[in-house]
Amino acid sequence: MSVVDKALEIAATLCRTFEGLRLEPYVCPAGYPTIGYGTVNKPDGTKVSMSDPPISKETAEEWLVGELVSTYMAGVLRASPILLAYPNVLGAISDFAYNLGVPRYRASTLRRRIDAEDWEGSKVELRKWNRGGGQVLRGLVRRREAECLYIN
């Protein structure tokens, strides 16, 4: 199995677990119309709207994998090419980027710790990203802990 395939398997499993699957549009906690496994922008570049029709589980899977590879994993690798040597970490950080965005990863102390191969420091930094609306959210605490399991 290639580095990217192994990382994709990890990232997709984490995303499925923590995003959940909704086949009809809904408004996510951040206030955006969303569908599938947390998809906000469809593959054609249009934003999900509340008037969109339901999608199939197969479509949700295709969109998730496509977004992970082309947007999130690619963005993480541009910021931290060292992760090609660490597929488990790449998978975990790709899930982090799916949840919070590549720009937040790129600008973070977490990225600096990853690039320095400071794995314990990376876990400390990762665990700090557990808030939504100014409050610690249990779901984010659980997600960060799950990601930490893949950090060397």
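How are α2 and α3 oriented to each other, roughly parallel or roughly perpendicular? In this predicted model, the two helices pack at an angle of about 105°, with their axes 9 Å apart. Angles of 65 to 115 degrees count as roughly perpendicular. α2 and α3 are therefore roughly perpendicular to each other. From α2, the contact draws on L64, E67, L68, Y72, M73, V76 and L77. From α3, L90, I93, S94, A97 and Y98 take part. By class, this contact has 10 nonpolar residues, one polar and one charged.

An angle over 145 degrees counts as roughly antiparallel. The α3 side of the contact is made by A92, D95, F96, Y98, N99 and L100. The α7 side is made by L140, R143, R144 and E147. Five of the residues in the contact of α3 with α7 are nonpolar, one is polar and four are charged.

The largest nonpolar core holds 36 residues. Within this core, L68, L83, V89, I93, Y105 and I114 touch the most other members. Two or more residues each come from α1 (3-19), α2 (57-79), α3 (87-100), α4 (102-106), α5 (109-115) and α6 (119-127). α2 gives the most, with nine residues.

Aromatic pairing was examined next. Four aromatic pairs are found across the whole structure. One of them joins Y72 and Y98 in an edge-to-face arrangement. Their ring centres are 5.1 Å apart, with 65° between the planes. Y72 belongs to helix α2 and Y98 to helix α3, so the pair ties together parts that are 26 residues apart in sequence. Residues under 20% relative accessible area count as buried. Y72 has a relative accessible area of 17%, so Y72 is buried. Y98 has a relative accessible area of 7% and is therefore buried too. F96 and Y105 form another edge-to-face pair, with 6.4 Å centre to centre and 75° between the planes. Both F96 and Y105 are buried. Ring pairs link F96, Y105 and W129 into a cluster.

Y98 is found in helix α3. Leaving out residues up to four places away in sequence, Y98 touches C15, E19, Y37, G38, T39, L64, E67, L68, Y72 and R143. The C-alpha atoms of Y98 and S70 are separated by 11 Å, although the two residues are 28 residues apart along the chain.

N130 gives a loop example. N130 lies in the loop between α6 and β3 (131-132). Its relative accessibility is 15%, so N130 counts as buried. Beyond residues up to four places away in sequence, N130 touches Q135, V136, L137, L140 and V141. L140 is also one of the α7 residues in the contact with α3.

Terms used
Residues numbered from 1 in each chain as written. Predicted model: local features only at pLDDT ≥ 70, side-chain atom pairs only at ≥ 80, totals over all residues. Heavy atoms only, no water. Core = buried A, V, L, I, M, F, W, Y, C linked by side-chain atoms within 4.5 Å. Buried < 20%, exposed > 50% of the residue type's maximum accessible area, 1.4 Å probe, protein only. Helix = DSSP H or I, 4+ residues; strand = E, 2+ residues; numbered from the N terminus. Contact = heavy atoms within 4.5 Å. Nonpolar A, V, L, I, M, F, W, Y, C, P; charged D, E, K, R; others polar. Phe/Tyr/Trp six-rings, centres within 6.5 Å; stacked < 30°, edge-to-face > 60°. Axes fitted to C-alpha atoms, helices over the stretch in contact; angles between N-to-C directions. Parallel < 35°, antiparallel > 145°, perpendicular 65-115°, else oblique.
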